[in-house]
Amino acid sequence: IEVFESIYYSSKIEDIPCPEVEAFNLLLKDSVRMIIATRTLTNEEKEYFNSVKIFPKEVKIAVDGIALIVHRENRDTMLTTGVIRDILIGKIKNWQEVNPESKLGSIKVIFDNPHSSTAEFAVKSICNNEPLSSTISALNNNRDVIDFVAKTPNALGIIGVNWISNQRDTTCMGFLDKIQVIAVSKENTATGANSFQPYQAYLANGQYAFTRHVYAILADPRIGLTSGFTSFITGDRGQRIILKSGILP
């Protein structure tokens, strides 16, 4: 937004950071004309827009991922997708069930927000629509999750990839010496050589298991600011900014 407004100095974009569920609600209520989200519109949402003579556009702008983080003292830093799913649904509740030699006790799973895209991804893509364990907690944002994990040896935090890969964010980089990023191996494969952390190369070649697409969704009846901003994001300069943020153009 800052770069776009510096080029097109007469434009003004107001951004509203919020959970993904709220973003779609704002779009459906015509409170905003554009959102950035990690899913496309459902058929029911499209039918609503069409009924009011608005025909939304969905433009893929990036590939993102879900990162799992643990405390620096935790030695279980390579997990399979099956183990992660069992932890999230409550089938595995203790670190000793993951590693008999662990002394960390019960697993404290923390999300950024109960209505975030991260939580929705966990339910649909990791847990195959099984409900999350009732013991899972949520805070306010990704930064709170990183801070909590840095202070809690038995915690397992689930956040967006850019929070551990954006080299320009000095606040988040300051946490990295206090946490570790889990390497994930796909089910039915051994950990170790087949385990991958959520960095750009492994998002690009599909070796990291928990990837997702990011979309710009426009519900604007006119061609103007929203379409111009989307063209900027998908153009060379916008895609380079996305690359520097730690996710994949």
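Two residues are in contact when heavy atoms of theirs lie within 4.5 Å. This report applies that idea to a predicted model.

**Aspartate 112**

Aspartate 112 sits in the loop that joins strand E4 (108–111) to helix H6 (117–126). Residues up to four places away in sequence aside, aspartate 112 touches Thr118, Leu139, Asn140, Asn141, Asn142, Val145 and Ile158. Aspartate 112 is buried but forms no salt bridge. The nearest side chain of opposite charge belongs to arginine 212, at a distance of 6.9 Å. A salt bridge requires a side-chain nitrogen of Lys or Arg within 4 Å of a carboxyl oxygen of Asp or Glu.

**Valine 70**

Valine 70 belongs to strand E2. Its relative accessible area is 0%, and buried means under 20%, so valine 70 counts as buried. Apart from neighbours within four places in sequence, its contacts are Thr77, Trp95, Val149, Ala155, Leu156, Ile179, Gln180 and Ile182. One of these, glutamine 180, is 110 residues away from valine 70 in sequence, yet their C-alpha atoms are 5.3 Å apart.

| Helix | Residue range | Buried residues |
|---|---|---|
| H11 | 225–234 | Thr226, Ser227, Phe229, Thr230, Phe232, Ile233 |
| H12 | 236–244 | Gly238, Gln239, Ile242 |

In H12, the buried residues Gly238, Gln239 and Ile242 fall within an arc of 95° when seen down the helix axis, so they line one face of the helix. An α-helix has 3.6 residues a turn, so residues three or four places apart point the same way. The face of H12 turned away from the buried side carries the exposed residues Asp236, Arg240 and Lys244.

The cover over the buried residues of H12 includes strand E2 (57–71) and helix H11 (225–234). In turn, the buried residues of H11 pack against H12, as well as against H1, strand E1 (34–37), E2 and strand E9 (211–218). After H12 comes glycine 246, which has a positive phi, near 105°.

**A nonpolar surface patch**

Val3, Ile7, Tyr8 and Ile241 together make a nonpolar surface patch of about 300 Å². Tyrosine 8 is found in the loop between helix H1 (2–7) and helix H2 (20–28). Is tyrosine 8 buried, partly exposed or exposed? Because its relative accessible area is 45%, tyrosine 8 is partly exposed. Patch residues need over 30% relative accessible area.

Key:
Residues are numbered from 1 along each chain as its sequence is written. This is a predicted model: local features need pLDDT of at least 70, side-chain atom pairs count only at pLDDT 80 or more; totals for chains, interfaces and linings use all residues. Side-chain values use heavy atoms; hydrogens and water are left out. Patches are made of residues with over 30% relative accessible area and no salt bridge: like charges are joined within 9 Å, nonpolar side chains (Val, Leu, Ile, Met, Phe, Trp, Tyr) within 5 Å. Accessible areas come from the Shrake-Rupley method with a 1.4 Å probe; for residues, only the protein chains shown count as cover. Helices (H or I, at least four residues) and strands (E, at least two) are DSSP runs, numbered from the N terminus. Buried means under 20% relative accessible area, exposed over 50%, partly exposed in between (1.4 Å probe, protein chains only). The arc is that of the directions from the helix axis to the C-beta atoms. Lys and Arg count as positive and Asp and Glu as negative; His and the chain ends are not counted.
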